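Here are my notes on this model. Please read them with the coordinates open.

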Amino acid sequence: MASLSYLLISPLSLGAAMATAFIPALSLSLQNPSKTLTRVSILQSYTSKFHISFDGSKLLSSCSSFLLPRRCLFFEKFRSFSGRHLSETAVKNKDYEFYDGVADVELRLGIGTMGVQDSSDIFVDANETSLLVRVKASGTLITLMDTNQLFEKIKPSETIWYIDEDQLVINLKKYDTELKWPDIRESWASLTSGMMQLLKGTSIYLVGDSTEINEKVAGELACGIGYAPLFTSDLLERYVQQSIESWVISEGADSVAAAEAVVLESLSSHVRTVVATLGGEHGIARKPDKWRHLHAGFTVWLSKSEAADEDAAKEEARRNMQERNIGYTNADVVIKLGGWDVEHTQAVAQACLSALKQLLMSDKQLTGKKSLYIRLGCRGDWPDIKPPGWDPSIGVGSSTS
């Protein structure tokens with residue numbers, strides 16, 4: 001699987017908790033895993049509302065914590081050395097051991113066959129989210145590890161390393177000791193495994209102008225994290241026995257949007273689902289005042305962009321959020337796409353998880369707040385949840401007996 005060398009993630013300061021990611025067009029080529037199949041059935045009640053039930057297998061992920069025994073031959077703070085007169089060789093070394101502890105994580109790299117003479121032959125450069133490890137052997141700098149996206153932040157000033165027999169051991173202090181790391185790097189595999197502890201079953205809703213993109217990314221996300229994939233287009237088409245396009249022609253976009261709102265109301269009480277909504281004018285997510293039930297989960301706006309780089313994409317996102325003229329600006333996360341190709345679906349899905357991770361790490365109460373919002377009936381008071389008894393039709397609280 002290709003590495004995400006050109007995946008840029010950064011938080012936005014827009015007054016509300018939000019993250020954005022910019023995916024350059026045609027920059028990656030990744031494999032797509034097979035989709036999880038889920039059976040969906042729709043029933044109509046006497047009140048003409050949709051009640052949706054589904055069953056599907058769930059892929060369970062878990063992380064194990066290890067405490068590493070210390071058998072230290074010698075130990076010192078990380079240091080650098082000048083390689084001005086040395087040639088550089090990048091080695092794709094996947095032969096490493098990783099351990100997740102309570103307060104730290106540890107990386108072990110094999111150096112027994114490299115002829116490392118002493119500690120001056122080792123170079124470790126650690127920043128909050130990056131790690132570069134090189135060794136000098138026979139006058140050449142060999143890169144053992146070079147990642148600009150650690151799984152989460154570390155405290156670089158507390159990084160230590162030492163040689164244990166034939167291994168270079170690097171100890172990194174966690175910035176957040178409550179988070180379990182499934183791997184040293186932030187990757188598709190580590191995100192799909194590690195995000196379960198942060199999402200805590202909360203559903204994800206994908207919105208944006210393209211139904212196709214919403215559905216492709218939703219399928220990839222659901223398969224990766226073990227959630228059930230649900231597409232509102234499929235649910236609606238099964239119910240009315242016609243395509244969305246013909247429905248729009250015969251009854252208008254507003255009719256389709258109204259029906260999708262009913263579907264989303266039924267889905268709002270479900271957990272562990274990735275829901276792809278309709279794109280364009282006939283999707284309810286485009287309407288700013290129709291997000292009552294979308295707020296039941298974490299919403300991701302997949303937005304096509306004309307930006308050429310991350311900074312331009314962030315500025316474009318800021319302008320979008322300030323305009324507030326379309327419903328997508330209510331989303332928790334914005335993913336800016338510099339183009340679209342189905343071959344890059346997993347790259348976009350990975351960006352979604354990375355941005356969601358940033359969002360959830362910035363406010364660990366969000367999942368509980370979403371759960372409370374659902375329990376109180378998705379009354380439309382997100383994010384400022386009112387006390388029990390609040391009536392959204394009159395905007396004031398009423399006493400309950």
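1. The side chain of lysine 370 reaches the backbone oxygen of glycine 297 at 2.8 Å. Bear in mind that this is a predicted model.

2. Is lysine 370 buried or exposed? Its relative accessibility is 1%. The cut-off for buried is under 20%, so lysine 370 counts as buried. The residue sits in helix α9, which spans residues 366-375.

3. What surrounds this lysine? Leaving aside residues up to four places away in sequence, lysine 370 touches Thr202, His295, Ala296, Gly297, Phe298, Asp332 and Trp382.

4. Besides touching lysine 370, tryptophan 382 is joined to proline 383 by a cis peptide bond. Omega there is about 5 degrees. Proline 383 lies in the loop between α9 and β19, the latter at 390-391. For context, most peptide bonds are trans.

5. Now the backbone at glutamate 165. Its phi is near 55 degrees, positive in a residue other than glycine. Most residues other than glycine have a negative phi. Glutamate 165 is in the loop between β12 (160-164) and β13 (167-173). At a relative accessible area of 56%, glutamate 165 is exposed.

6. Glutamine 241 also needs checking against the display. Phi is positive, about 60 degrees, although glutamine 241 is not a glycine. The relative accessible area of glutamine 241 is 65%, so the residue is exposed.

How values were computed. Residues numbered from 1 in each chain as written. Predicted model: local features only at pLDDT ≥ 70, side-chain atom pairs only at ≥ 80, totals over all residues. Heavy atoms only, no water. Helix = DSSP H or I, 4+ residues; strand = E, 2+ residues; numbered from the N terminus. Buried < 20%, exposed > 50% of the residue type's maximum accessible area, 1.4 Å probe, protein only. Polar contact = N/O pair within 3.5 Å; in protein donor to acceptor, adjacent residues only side chain to side chain. Contact = heavy atoms within 4.5 Å.
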